[in-house]
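Hello,

Here is the structure for you to look through. My notes follow below it.

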Amino acid sequence: YSLRYSFTPKELTDLFLLVKESGLGPFIIGAYIRSMRLAKYTPHPCPHFGLQFPLYCHFTSPIRRYPDLIVHRALFGDCLSMETLQELAEYCSKNERNSARAETSVLHLKKLRYAHAMFLREPDKVYNGVVIKVRPFCVIVYIPEMALDSLLHISSFHHDYYVYLESQQCLEGKHSGDIIRIGSCVRLLLNNVDLNMQEVSWKLEVPEKKHEE
């Protein structure tokens, strides 16, 4: 998929509609969202790229966050100085990120506990995964059954030696010629779950190839 460096909201929307049809939509759209700069509160007027609004202010109703309360107060005539608004914006931005990190940490721990319980119950179970990121030394695999992202180091690919092709962002088996890229489906065996280190390790299951007689 290609996209101009300086793209319009419509071009981005068209791309997302295209990748949805391929089945890779959640992974490519998720990767794009993670690549964006973190949102932050500010007392200064800002445009909204997706909605193409030159001025934009977001708040929820009913009130559920302190930034929303500030906006509601302003709508009803509560005037705050620019200096105070700037301090509040920085405070709210910092604490929402702390809250998001805490939520992510708790969710990850819950998933690992579930994975550990599954490992104890069915140690030989094979899980289906989808490659969502490829790096020179590893791939990141999403396991839908656990809603878990896991790192799979190429040193665990005992069946072949894989070489990273940067131009294609994929791994190629030196002997088999097999290609592992974003969207590749893999089958995994759960090797170990370390709750103290909050790490999980997997083994790649390679189906036996049938020999023609």
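Glu96 and Arg65 form a side-chain salt bridge with an N to O distance of 3.4 Å; a salt bridge here is a side-chain nitrogen of Lys or Arg within 4 Å of a carboxyl oxygen of Asp or Glu. Glu96 lies in helix H4 and Arg65 in the loop between E2 and H3, so the pair ties together parts that are 31 residues apart in sequence. Salt bridges with shared partners join Arg65, Asp68 and Glu96 into one network.

This is a predicted model: local features need pLDDT of at least 70, side-chain atom pairs count only at pLDDT 80 or more, and totals for chains, interfaces and linings use all residues. Residues are numbered from 1 along each chain as its sequence is written, and side-chain values use heavy atoms, with hydrogens and water left out.

Helices (H or I, at least four residues) and strands (E, at least two) are DSSP runs, numbered from the N terminus. H4 covers residues 82-121 and reaches 58 Å from its first C-alpha to its last, close to the 58 Å expected (1.5 Å times one less than its number of residues). Its buried residues (under 20% relative accessible area, 1.4 Å probe, protein chains only; exposed is over 50%, partly exposed in between) include Leu88, Cys92 and Phe119. Glu96 is partly exposed at 30%, and Arg65 is partly exposed at 22%.

The whole structure has 5 salt bridges. One of them joins Asp14 and Lys10 at 2.9 Å, N to O. These two are 4 residues apart in helix H1 (residues 9-22), about one helical turn.

Regards
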